[in-house]
Amino acid sequence: MTQMKPILSHLDPIIPSSPGKFKSSPYAFNRLRFSPKPTLWSFLFLFFLLLFFFCSPPASSSAGKRRSLHTSDFKGNWEIKVRKSARPSSSSGFSVLVTGAAGFVGTHVSIALKNRGDGVVGLDNFNSYYETSLKKARKNLLERRGVHIVEGDINDSDLLNKLFRIAHFTHVMHLAAQAGVRYAMQNPTSYVQSNVNGFVTLLEVCKNENPQPRIVWASSSSVYGLNSKVPFSEKDRTDQPASLYAATKKAGEEIAHTYNHIYGLSITGLRFFTVYGPWGRPDMAYYFFTKDILRGKEIKIFEGPNHATVARDFTYIDDIVKGCLSALDTAKKSTGSGGKKHGDAQLRVFNLGNTSPVPVARLVSILEKLLKVKAKKKILQMPRNGDVLYTHANISLAATELGYRPTTDLETGLKKFVTWYLSYYESKKKKSSW
C-alpha cells in the first residue's frame with residue numbers, strides 16, 4: 001500500500017489541504033481490467049450512443065460559446081502564461097493539464113496540485129449550465145494561487161495540440177464534463193458532446209504525444225444505475241444506466257478501455273460519489289436546499305415507492321482531492337508514443353466515496369441545525385428522471401491501491417460548506433450594493 005508524505009499546510013480554511021505525493025510501489029498486476037469484461041451489449045451500447053451524437057443537432061447555445069485559437073481570447077501573452085503555470089516548482093513535480101478546472105472538483109484539485117509543487121494549467125469553457133459568476137470567482141481564486149486557466153473547449157483539438165506543444169504535460173486530470181442527471185432530459189446532446197465526443201478528442205491528442213501523458217479522469221457512481229447490490233463494487237455490473245448522464249460515463253469507461261488497449265495509454269477512472277463542500281455546484285441538493293431554506297422557500301424531499309428512503313454516500317471534497325492526487329501519483333507510464341502501442345499499459349477504475357450513506361432527510365436536519373432555520377418541507381414521490389434511490393461505495397480497492405481513507409463525516413463537511421456559503425454570498429451582496 002502506498003504511503004503519504006506529510007501534508008503541506010494551506011492558507012485558507014475553505015481551500016482543501018494539499019496531500020503529498022504517494023511513493024510508487026510494485027503492483028501484483030500491471031493492469032486492472034474492468035469486471036465484468038466488455039460484452040457485446042457494451043459495444044452495441046457505445047455504437048448507438050455515438051450514432052445518437054452524430055445524428056443529433058448541435059447543443060443549444062445555452063451551453064456557452066466555444067472558443068478556439070482563432071478567437072480574441074488567445075491573443076497576447078497567453079502562451080507565456082501557460083508555460084509559466086505548467087512549470088513545476090518542485091524538482092519532482094508533475095506538469096498537469098486539468099480540464100474543467102473552473103468546476104467544483106477541478107478548482108480544489110488544481111489548488112492542491114499547485115500547493116505541493118506541481119505545474120498546473122487549467123482548461124474550461126465556462127458554460128452556463130449553472131451561474132457563470134461562480135465559475136469566474138473560482139477562476140480568480142486559481143489565478144491568485146498561480147494557476148492559469150485557458151478559456152476553451154475540450155472538443156477543440158487544435159487548442160489541445162497547441163497546449164501540449166507549449167507545456168509537454170506529463171499528466172492529464174480530465175474533470176471536464178456535462179454534469180447533472182436531470183438536465184439530460186432538457187439538453188441531451190450536450191452530454192454526448194462533452195462526455196463522449198470531448199473525451200475522445202482529448203484521448204486522440206494524448207495518444208499522439210511522445211511521450212504520452214498519464215490520464216486520470218472522472219467517471220461517476222451513476223454508472224451503477226439500476227444495480228441493486230450494495231455497497232457498489234468495481235466488480236459489479238454497470239450495463240443498466242438509469243440516466244443519459246450515466247450512459248455517457250459508462251461510454252467513457254468503454255472508450256478508455258479501447259484507447260488503453262489499442263494505443264497504450266495509461267488511464268485511471270474515478271467513480272465519484274455525491275461530492276459536496278465549499279465552492280460546490282449550485283445544482284446539488286445540499287447547495288440549493290441551503291439557498292431555499294435561507295429564503296424561506298419550500299424544499300422538495302423525494303422518497304421511493306412505499307415511502308422508501310432516499311440516501312446518498314455524501315463525500316467531502318477534501319477526501320475526493322486526496323483520492324485524485326493519489327491516482328495521479330500511482331499512475332504508471334503510458335506505453336505508446338506517436339499513436340503506436342509498445343506494450344500493455346495500466347488501466348484502472350476506483351470508487352471514491354465515504355462508505356456511509358445518509359438519508360436526504362438527515363441532510364436537511366443537519367442544514368436546519370447549522371443555519372438555525374426550520375425548513376419548509378414537502379415530501380414527494382421521486383420522479384422518473386434518472387435519479388436512483390440509494391448509493392453506497394465499496395472503497396476497499398481504493399484503500400488498498402491508493403491508500404484512500406475518507407475522514408470527513410457529513411455534519412463536519414456541511415459545517416464547512418455553510419461557513420463558505422454565508423461568506424461568499426454575503427460578499428457578493430456587499431459588492432452588488434456598491
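Visitor: At what angle do helix α6 and helix α7 pack, and how far apart are their axes?
Guide: Helix α6 (residues 188–207) and helix α7 (residues 244–263) pack at about 15°, and their axes are 10 Å apart. An axis here is a line fitted to C-alpha atoms, for helices over the stretch in contact, and angles between N-to-C directions run from 0 to 180 degrees. Helices are DSSP runs of H or I with at least four residues, strands are E runs of at least two, and both are numbered from the N terminus.

Visitor: Before we go on, what kind of model is this?
Guide: This is a predicted model, where local features need pLDDT of at least 70 and side-chain atom pairs count only at pLDDT 80 or more, while totals for chains, interfaces and linings use all residues. Residues are numbered from 1 along each chain as its sequence is written, and side-chain values use heavy atoms, with hydrogens and water left out.

Visitor: Back to the helices: why are α6 and α7 called roughly parallel?
Guide: Angles under 35 degrees count as roughly parallel, over 145 as roughly antiparallel, 65 to 115 as roughly perpendicular, and the rest as oblique. The angle is about 15°, and α6 and α7 are therefore roughly parallel.

Visitor: What makes up the contact of α6 with α7, by class?
Guide: There are 14 nonpolar, three polar and three charged residues. Nonpolar covers Ala, Val, Leu, Ile, Met, Phe, Trp, Tyr, Cys and Pro; charged covers Asp, Glu, Lys and Arg; the others, Gly among them, are polar. Contact means heavy atoms within 4.5 Å. Among those taking part are F199 and L203 in α6, and I255 and Y259 in α7.

Visitor: How do you know whether E368 is buried or exposed?
Guide: Buried means under 20% relative accessible area, exposed over 50%, and partly exposed in between (1.4 Å probe, protein chains only). E368 comes in at 11%, so it counts as buried. E368 is found in helix α10 (residues 360–371).

Visitor: What does the side chain of E368 reach?
Guide: It gets to the backbone nitrogen of A375, at 2.8 Å. A polar contact is a pair of N or O atoms within 3.5 Å; within protein, one must be able to donate a hydrogen and the other to accept it, and residues adjacent in sequence count only if both atoms are side-chain atoms.

Visitor: And N127: what makes it buried?
Guide: Its relative accessibility is 9%, so N127 counts as buried. N127 lies in the loop between β2 (119–124) and α4 (132–144). A polar atom of its side chain lies 3.2 Å from the backbone nitrogen of Y129.

Visitor: Why is K372 called exposed?
Guide: K372 has a relative accessible area of 74%, so it is exposed. K372 is found in the loop between α10 and β15 (376–381), and its phi is near 60°, a positive value in a residue other than glycine.

Visitor: Which relative accessible area does H307 have?
Guide: H307 has 63%, so it is exposed too. H307 sits in the loop between β8 (298–303) and β9 (311–312), with phi near 65°.
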